[in-house]
Amino acid sequence: MLNLDRLRTLSAVARHGSVSAAADGLHVTTSAVSQQIAKLERETGQQLLAKNGRGVRLTDAGRLLADHAVRILSQVELAQAELEAHRGQAVGELRMGAFPTAARGLFPAALAGLRAAHPQLRAHLTEMEPDESVRGVVRGDIDLAVVLDWYNRPLSLPDGLAKSPLLDDPADVAMPATHPLARRSSVELEEFAEDEWISWPQGEFCNEWLMFTLRSKGIEPRIAHMAEEHGTQLALIAAGLGVAVAPRLGRGPVPEGVSVVPVRHTMRRHVYAIWRADADRRPSIRAAVDALRTAAEQVEAD
């Protein structure tokens, strides 16, 4: 009898291309992945991985079994979804991912609500960027993700995913309190053409959006600093080191020395939940989406 956890491990190695990357995707050690593959090789009586330089590659048998594993695991998930739907209760484990400001701005209330309403549901959250979480949902590494796109830069979603809007998140411009525009009631991005910018790290979706948006307005961005966390960006702004786009979701208190001014032509991020369509009937998915919508409504009310 083939072990599902070992099939899931082999499938992760096939998807990620290495033992270490598979371990990261499964949130286990590389040793644990190697042990699972070794046991699976003993169960099947075939070599599934072969050395390839410093890494590994799937053998013909490994590729054959990995292809079957994808279909087997999909059928198992569908069966679990059907059983959960038949029971009508949100139970078991639910793995979720979210970009940092959603993790901070939505999930504390949503997770607390889930725990109170569904004590038999074990919900787990991992912070991850939108592109990474989309891949995670598609691969089955996580069950649900909260992702974003911008009003002028949609996020491409692959087929087979369902989604539900949660909220629109306005974004302002944060600047030092001594900036000439700091006391304005509203601003336009074009007015910051000569300023240095503080951005998200290179390669992230929001960094690409900022470059695209500024250039579309005839501004060649001068990026002075890059920081993942909005709190770090605001601290740099308080020190007089640049300006930044500052979404409101999960922003927290604005530090002294920083002025936040709305943009006249409102910039918005669209925030929504995504999950695999074949898991649509799972009560745990519906419960999580409902909890996130409730949290989002509270954010908008505030």
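Me: What is the volume of the largest pocket?

Reply: The model is a predicted one, and the volume of its largest pocket is about 840 Å³.

Me: What makes a residue part of the lining of the largest pocket, and how many residues line the pocket?

Reply: A lining residue has an atom within 4 Å of a point of the pocket. By that rule 30 residues line the largest pocket. R8, E77, R95, G140 and R276 are the ones that lie nearest its centre.

Me: Which elements each supply at least two residues of that lining?

Reply: They are helix 1 (4-16), helix 2 (19-26), helix 4 (60-87), strand 3 (92-98), strand 4 (121-127) and helix 7 (130-139). Helix 4 gives the most, with eight residues.

Me: How do the residues of the lining of the largest pocket divide by class?

Reply: There are nine nonpolar, nine polar and twelve charged residues. Asp, Glu, Lys and Arg count as charged, and Gly counts as polar.

Me: What lines the largest cavity?

Reply: Its lining has 15 residues, and F99, P100, E129, W200 and H230 lie nearest the centre. Helix 5 (100-105) and helix 8 (205-216) are the elements that give two or more residues. Helix 5 has the largest share, three residues. By class the lining has seven nonpolar, two polar and six charged residues.

Me: Which residues line the second largest cavity?

Reply: They are A174, H230, Q233, L234, I237, A244, V245, A246, P247 and R251. Helix 9 (230-238) and strand 9 (244-247) each give two or more of them. The classes are seven nonpolar, two polar and one charged. Arg counts as charged, so R251 is the charged one.

Me: How do you know that residues 2-59 form an annotated domain?

Reply: The name comes from the UniProt record, an unreviewed entry, whose annotation "domain: HTH lysR-type" covers residues 2-59. Over residues 2-59 the chain is 62% helix and 14% strand, and the end C-alpha atoms are 18 Å apart.

Note on methods:
Residues numbered from 1 in each chain as written. Predicted model: local features only at pLDDT ≥ 70, side-chain atom pairs only at ≥ 80, totals over all residues. Heavy atoms only, no water. UniProt positions renumbered as here; feature names shortened; annotations may be inferred. Helix = DSSP H or I, 4+ residues; strand = E, 2+ residues; numbered from the N terminus. 1 Å grid on protein atoms, 1.4 Å probe; cavity = no way out; pocket = protein on both sides within 12 Å on 5 of 7 lines; lining within 4 Å. Points joined across faces, edges and corners; volume = space filled by probe spheres on them.
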